[in-house]
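Q: Please take a close look at one part of this structure, the interface between its chains. What holds there, and which residues and elements take part?

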Amino acid sequence: MDKEYVGFAALPSQLHRKSVKKGFEFTLMVAGESGLGKSTLINSLFLTDLYKDRLIPDASARLSQTLTIERRGVEIEEEGIKVKLTLVDTPGFGDAVDNGDCWMPVVRFIEEQFEQYLRDESGLNRKNIQDSRVHCCLYFISPFGRGLRPLDVAFLRAVHDKVNIVPVIGKADALTPKETQILKQKIREQLEEQEINIYQFPDCDSDEDEDFKKQDAEMKESIPFAVIGSSTVVRDGATRPVRGRLYPWGAAEVENPHHCDFLNLRRMLVQTHLQDLKEVTHDLLYEGYRARCLQSLARPGARERTGRSKLSRQSATEIPLPMLPLADTEKLIREKDEELRRMQEMLEKMQAQMQQSQGEQSDVL
Amino acid sequence: MSKGFAENRTDVTMSELVAEPRPKPAVPMKPLGISSNLLGYIGIDTIIEQMRKKTMKTGFDFNIMVVGQSGLGKSTLINTLFKSQVSRKSASWNREEKIPKTVEIKAIGHVIEEGGVKMKLTVIDTPGFGDQINNENCWEPIEKYINEQYEKFLKEEVNIARKKRIPDTRVHCCLYFISPTGHSLRPLDLEFMKHLSKVVNIVPIIAKADTMTLEEKMEFKQRVRKELEVNGIEFYPQKEFDEDLEDKTENDKIRQESMPFAVVGSDKEYQVNGKRVLGRKTPWGIIEVENLTHCEFALLRDFVIRTHLQDLKEVTHNIHYETYRARRLNDNGGLPPGEGVLPPAPASPCPATIAE
């Protein structure tokens, strides 16, 4: 008699198929002073030209500029898997003469996304919750400084408990290998000293193979990642054409692990830890926000505001939430849009199937 | 400011004779009524040689200030410029260098000698500039320092019993380090240069230029030049002080094509093509500091030291110092000054401080 076989080992592949159908959403924020190569790096990472029509303002225009938050969306598809990537940019950060509190709009933005999600989660119709929470923040550190500057420290401390921070050294081709090592060491020390929590890579399981473990350890060692970005292709002598920056003294290659940590960053961000970043955002950061939020409402001071003293997760009716600027109608419109898009896709698929079966029929005939 | 007035003062107060870097050929003056053909060789042209000898004996002062955010390579560049460890590099990573809360002014003097000529070089560092979160008015301590040196000199001049050679601590040249973002000037750069270009010679340079490709460098330089022009910032060599056509054409070329110089500094040597050169070694090549196809360090060095050193001092003395002196005397009703230092230019008013 055959060994008892129930068949639930097929569960992971079922999940996989379902999530492939659903598609992935990911929101990535980039922050840091202007001129550190942020836009070029994003273009290099996702092989897109998200910043094609960008106008760079000159200094006198920047004298009175305040920090703005910009969102760009792009859909990337690779081997049948769709990723809806949203990029959040922070132009104007650190540009002014007086940058006091210039990070407040960023903090507020991140919290607004949490608020929105909290509302959605506690609302009546939870079918199409859209996750616009920021899953990861790439923070660019200048290679010209001597580690973290006061502004870097202030920003990181304001957001480290709200978003996964991945520190990155931009324009790393300004540094020799030794200088890079020293700078990384200095930054790591400063992060520890200032008690800033950056995103911690989970330790790989003990049953992974040696190669993977070695790669993982290497990756952890190279934080903060020193990156070079480029969308131009260079031909350095006899070698094959690669993406890089051509100087009179040689060509710095983006994807060469001896030149910079671009490959590590890409592997980490896209290939191995995309899902983990989302999970940490949901399980740790969002829950932390939610707990703080609800706790502050449960305090006596909040009673006047809400008129309620008891809160329970089960009551899906009225939960007093902090005031949101987003109108309900807008949210409804968004949900409807999402449903419409899904139905359109299904329709297209059915049409394609019908055409295929028609073709088969004619073949038979 | 009449030139004649300046020339007079040159005789009286320029107690240090300095040799012309490029001696102009002696033009014989036509004395009235006497034939211009000299009957023999008199030897007037040996004055050049005499001046040179005197300079070698007395030596001369040169004060250079460096301004820019920390980490832009200021100390390394000064060491490379003067080929000696004249600037204590605060980049020694072992020491815990905290960024100072306010801008500090640190002046360090050295005597360096070359070809029998002694130069008393003073490097004035400004740690803390532009490093804080709020950098409002961070140029004020710098402006105050510069004016204090003018005040010191003025006091000495006005003395009844004057020293034979007034020690010159005035800032002759201010190197302003622009961060190589590749985009444009930062608002802080504009603010600093707007305020300080009226009191001192500013030479803007693009620091750590090995991070830009050739096209990026050209574009960035053009954009920076345009921004400086649009904002009315006159960096050294200022257009209005060109003395003659020769100067003008030479300086025009420098102003419109070369400046701001995109430089790379280094104090390490590497072997390239059998020669030992100063440079930076990266995995993709060695950047040679003195190679003109790599960066413009050699242009900066020639400009500041080999061709315009004397001019920098003269413009400081004849123009900037005179402006300060005139304002000071005016404020005092035309009388020699008593106590106090002139407050900075109206752009940033602050109460006058008592000097010493």
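A: **Salt bridges and the interface**

Both R186(B) and E33(A) are buried in this model, which is a predicted one. Their side chains meet in a salt bridge, with an N to O distance of 3.9 Å. This pair crosses between chains: R186(B) sits in the loop between strand 4 (173-178) and helix 5 (187-196) of chain B, and E33(A) sits in the loop between strand 1 (24-31) and helix 2 (38-46) of chain A. A salt bridge is counted here when the nitrogen lies within 4 Å of the carboxyl oxygen, so the distance of 3.9 Å falls inside the cut-off. Side chains of opposite charge can pair when their charged atoms come close.

Another pair is made by E216(B) and R245(A), whose side chains meet in a salt bridge at 2.6 Å, N to O. E216(B) belongs to helix 6 (residues 214-230) of chain B and R245(A) to strand 8 of chain A, so this pair also joins two chains. The two residues can be taken in turn. R245(A) has a relative accessibility of 12% and counts as buried, because the cut-off for buried is under 20%. E216(B) has a relative accessible area of 29%, so this residue is partly exposed.

Next comes the interface as a whole. In chain A, 46 residues are in contact with 47 residues of chain B. Together the two chains bury about 4100 Å², and 57% of that area is on carbon and sulfur atoms. On the side of chain A, F144(A), R146(A) and W249(A) lose the most area to chain B, together 22% of what that side buries.

Polar contacts are counted as well. Across the interface of chain A and chain B, the rule finds 9 residue pairs in polar contact, both residues being at pLDDT 80 or more. The elements that give two or more residues to the chain A side are helix 3 (59-62), helix 5 (150-159), helix 6 (177-193), strand 8 (242-247) and strand 9 (250-253) of chain A. Helix 6 of chain A supplies the largest share of that side, 5 residues. By class, the side of chain A that touches chain B has 21 nonpolar, 11 polar and 14 charged residues.

Strand 8 and strand 9 of chain A, both on that list, also belong to a sheet. Three strands of chain A form an open sheet in the order 7-8-9, with antiparallel pairing. Its edge strands are strand 7 (233-234) and strand 9 of chain A, each of which pairs on one side only. Strand 7 and strand 8 of chain A run antiparallel and are joined by 2 bridges. In this pairing, V234(A) stands opposite V242(A) in strand 8 of chain A.

For comparison, one salt bridge lies within chain B. The side chains of R170(B) and D168(B) meet at 2.8 Å, N to O. R170(B) is buried, with a relative accessible area of 3%, and D168(B) counts as buried at 7% relative accessibility. Also in chain B, D242(B), K248(B), D252(B) and R255(B) are linked in a network of salt bridges.

Terms used. Residues are numbered from 1 along each chain as its sequence is written. Chains are lettered from A and ligands numbered from 1 in the order in which they are written. This is a predicted model: local features need pLDDT of at least 70, side-chain atom pairs count only at pLDDT 80 or more; totals for chains, interfaces and linings use all residues. Side-chain values use heavy atoms; hydrogens and water are left out. Contact means heavy atoms within 4.5 Å. Buried area is the accessible area (1.4 Å probe) that two parts lose on being put together, summed over both. A polar contact is a pair of N or O atoms within 3.5 Å; within protein, one must be able to donate a hydrogen and the other to accept it, and residues adjacent in sequence count only if both atoms are side-chain atoms. Helices (H or I, at least four residues) and strands (E, at least two) are DSSP runs, numbered from the N terminus. Ala, Val, Leu, Ile, Met, Phe, Trp, Tyr, Cys and Pro count as nonpolar, Asp, Glu, Lys and Arg as charged, and the others, Gly among them, as polar. Two strands pair if DSSP finds at least two bridges between them. Buried means under 20% relative accessible area, exposed over 50%, partly exposed in between (1.4 Å probe, protein chains only).
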